[in-house]
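Subject: Structure handover

Hi,

Here is the structure I promised to pass on, with my notes below it. Have a look at the model first, then read on.

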Amino acid sequence: MGKYIIKGGNKLNGEVFVSGAKNAVLPILASTVLNSGICILKNVPMLLDTFVAIDILKDLGCDVSYGENTIVVNSKNMNKTNVKEDLVKKMRSSIIFLGGIISRFKEASICYPGGCNLGKRPIDFHLSAFEKLGIKIEDNQNIIKASVDTIKENVINLPFASVGATQNIILASVFVEGKVVIKNCAKEPEIIDMAKFLRKMGANIYGEGTHTITIKGVKKLNDLVEYTIMPDRIEAGTFLCMSAITKGNVKINGINPQYLKSLLDILIEMGCNIYTNKDNIKIKVDKTLKPVDFLETKPYPYFPTDLQPQLMALLATVDGISIIKENIFEARNKHIPELNKMGCNIVEDNNMFIINGVDNLTGEKVYSKDLRGGASLITAGLFAKGKTTVEGACYINRGYELLDKKLNILGADIKYIKD
Ligand code: UD1
């Protein structure tokens, strides 16, 4: 599992570059099955989840090679349409492979990804949308078998702006006869990135970033695509919370501040000095911060669930009461008892978190149970007195590239121990 050991108390200071976005590269890797040709992806974060996606592609028969932050996928000889169960269990978002495979091969099968540490995470929106596109879905002993003669045009009204369902429907629709319109689709920047990639591949898709995406079917895609993955806004947001908790002075490079507006607004309200440029954000904290009366997680452009735990760690050290409501995942709360072990005072009431800020935290042995929760424990560890050991580093490494190295360059004292 590995662990991180942090000696807290150092202010973060200096500059850091963010890596490519995990939440963009995974759906884009799933999209590479579509063109039966070569995709060259640059600025790829080499994360544990990236390697799971590579393993899925290889298992499907694609040739995959990679070097420093670049992956080349050749899907010409892909010869399998079922995604291996043990790989799906390793990474829930592998459900997005379903859309690409059914699109190209007219058949696909995958096991139910099931729940995870964040909660139930159903896929009913994905499957009912597929059925509206004429795809037959059979559910046999936990295996979803999808088959279709011709993908049919339709208008899909999503009951909720689901990121995964939007991505799966887009992929399933690339070769539709006619057009597919997705209403109430997700507007996340990573959806925009995927749409840009698909357009480079030759797909006819527009409307990304708005409430409605339209995909007009094409007959064939380009054999060769080169694409650079967008920067990771969640990694940048994590560095902002880590900088703020240590009262640091940090410039975060390679990030469009617009993508983090919801977090920046909160940090400014709390009293952080924030300076933005086209592709960087500076944060400087030189005074006592204020709590936040109430904030809730919602789909983009509102405050992201993926930053809830890290901001919670920060608020837990700010005098006064802050309240966060988690609306996306019913079990994104595993970090709370661990933060409380370190001295935080956080009470949970039905996905409403009441955070009573404290002056000091103490280093402890704590357990990361999921990716962003793990990041929140490291955030707290950077502030805490003494040594914090965050067990379960494998969860954190699913989403943060070179985290210890980047933090040490900023003046932290953090060690990664692989065991
Ligand atoms: C979600 C987050 C995304 C985040 C990712 C990893 C949102 C809207 N989505 O994406 O920002 O990066 O987790 O942490 O913030 N749902 C259903 N049925 C479905 C699909 C979803 O009921 O078929 C529900 C989910 O239980 C959840 C909500 O819709 O409450 C959003 O889910 P969705 O956006 O699909 O989740 P992910 O794609 O995993």
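Before the rest, some housekeeping. This is a predicted model, so local features need pLDDT of at least 70 and side-chain atom pairs count only at pLDDT 80 or more, while totals for chains, interfaces and linings use all residues. Residues are numbered from 1 along each chain as its sequence is written, and side-chain values use heavy atoms, with hydrogens and water left out.

Two strands count as paired if DSSP finds at least two bridges between them. Strands (E, at least two residues) and helices (H or I, at least four) are DSSP runs, numbered from the N terminus.

The sheet is open, with three strands in the order β6-β8-β7 and antiparallel pairing. β6 (107-111) and β7 (136-140) are the edge strands, each with a single partner, so one side of each has no neighbour in the sheet. On average, neighbouring strands here are turned by 15° against each other, direction ignored. Helix α4 (97-105) packs on this sheet, touching β6 and β8, and its direction makes about 155° with that of β6. For those angles, axes are lines fitted to C-alpha atoms (for helices over the stretch in contact), and the range is 0 to 180 degrees between N-to-C directions. Contact means heavy atoms within 4.5 Å.

β7 and β8 form a hairpin with two residues between the strands, where Gln141 takes a positive phi near 45°.

**Another hairpin**

β4 (63-67) and β5 (70-74) also run antiparallel, joined by five bridges, with Ser65 opposite Val72 in β5. They form a hairpin with two residues between them. What is the phi of Asn69, in the loop between β4 and β5? It is near 60°, a positive value in a residue other than glycine. As a reminder, most residues other than glycine have a negative phi, and most peptide bonds are trans.

On that last point, the peptide bond from Tyr300 to Pro301 is cis, with omega near 15°. Pro301 is in the loop between β17 (295-296) and α10 (308-315).

**The mixed sheet**

β17 turns up again in an open sheet of four strands, ordered β17-β18-β20-β19, with mixed pairing. β17 and β19 (346-349) stand at its edges with a single partner strand each, so one side of each is left without a neighbour in the sheet. β17 pairs with β18 (321-325) in the parallel sense over two bridges, and Glu296 stands opposite Lys325 in β18.

**Domains and the pocket**

The chain is divided into domain 1 (3-18 + 231-417) and domain 2 (22-228); the bounds come from an automatic or database domain assignment. Their C-alpha centres lie 31 Å apart, and 25 residues of domain 1 are in contact with 22 residues of domain 2.

Where does the second largest pocket lie? Both domains give residues to its lining, so it lies between them. The pocket holds about 200 Å³ of space. Of its 13 lining residues, the closest to the centre are Tyr4, Asn397, Tyr400, Leu402 and Tyr416. α2 (48-59) and α14 (403-409) are the elements that give two or more residues to the lining, and α14 gives the most, with three. By class, the lining has nine nonpolar, one polar and three charged residues.

For the cut-offs: on a 1 Å grid over the protein atoms alone, a pocket is an open set of points where a 1.4 Å probe fits, with protein on both sides within 12 Å along at least five of seven lines, and lining residues have an atom within 4 Å of a point. Points are joined across faces, edges and corners, and the volume is the space filled by probe spheres set on them. Ala, Val, Leu, Ile, Met, Phe, Trp, Tyr, Cys and Pro count as nonpolar, Asp, Glu, Lys and Arg as charged, and the others, Gly among them, as polar.

Cheers
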